[in-house]
Amino acid sequence: MPTPSMEDYLERIYKLIDEKGYARVSDIAEGLEVHPSSVTKMIQKLDKDSYLIYEKYRGLVLTNKGKKMGKRLVERHHLLETFLTLIGVQDENIYKDVEGIEHHLSWDSITCIETLVEYFRRDPSRMEAFKAVHADLNNE
C-alpha cells in the first residue's frame with residue numbers, strides 16, 4: 001500500500017493527466033505546494049514501486065496499477081466531499097477536512113460511508129429526516 005504522501009502524489013498525477021493529458025513535475029509541485037526536487041524524488045519512488053514509468057527529461061506515464069490507484073484515490077476524495085456536504089459541514093471547511101481525514105480512514109470505513117451516502121440518495125426523505133434532527137440538535 002502507498003504511504004499517505006504517495007497517495008497525494010498519485011491523486012494529483014492522476015487528476016493532471018485526466019485534465020491535461022500529461023503531468024509535469026512543475027505542475028505536480030505547484031498543485032501540492034512542494035519543491036520540484038521533492039516531486040522528482042517521489043516520482044522515482046513511484047516508478048520503483050511500479051505505479052508509473054518515469055524517464056528523465058521525457059516525462060511519466062501511469063501504469064495500470066497507478067491508474068487504478070489514482071482513480072480510487074480521486075473517487076475517495078469525491079466521496080468524502082459528498083459525505084461532508086450531506087451531513088451539513090460548511091463549504092469552507094470541506095476541502096481542509098477531507099485532506100485531514102482521507103488518509104486516516106480504512107477502506108472498510110470508506111465503503112461504509114459510501115453505503116450511507118447511497119442510503120440517503122435512494123430516499124431523499126431520509127435525508128430530510130436527518131436534516132431535521134441535525135437542526136433540532138443545533139438549536140438546543
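How many salt bridges does the structure hold? The structure holds 9 salt bridges, each a side-chain nitrogen of Lys or Arg within 4 Å of a carboxyl oxygen of Asp or Glu. The model is predicted, with local features requiring pLDDT of at least 70 and side-chain atom pairs pLDDT 80 or more, while totals for chains, interfaces and linings use all residues. Residues are numbered from 1 along each chain as its sequence is written, and side-chain values use heavy atoms, without hydrogens or water.

**View 1. Helix H4 (residues 64-86).** Helices are DSSP runs (H or I, at least four residues) numbered from the N terminus. Buried residues (under 20% relative accessible area, 1.4 Å probe, protein chains only) of H4 include Gly66, Leu73 and Phe83. Their cover includes helix H1 (4-20) and helix H6 (107-122). Gly88, with a positive phi near 95°, follows H4.

**View 2. His77 in helix H4.** His77 counts as buried at 5% relative accessibility. Its side chain makes a polar contact of 3.1 Å with that of Glu102; such a contact is a pair of N or O atoms within 3.5 Å, one able to donate a hydrogen and the other to accept it, and residues adjacent in sequence count only if both atoms are side-chain atoms.

**View 3. The salt bridge between Arg76 and Glu102.** The closest N and O atoms of Arg76 and Glu102 are 4.0 Å apart. This pair links distant parts of the chain, 26 residues apart: Arg76 lies in helix H4, and Glu102 in the loop between H5 and H6. Arg76 is buried at 3% relative accessibility, and Glu102 is buried at 0%.

Technical notes: Helices (H or I, at least four residues) and strands (E, at least two) are DSSP runs, numbered from the N terminus. The expected span of a helix is 1.5 Å times one less than its number of residues. Buried means under 20% relative accessible area, exposed over 50%, partly exposed in between (1.4 Å probe, protein chains only). Contact means heavy atoms within 4.5 Å.
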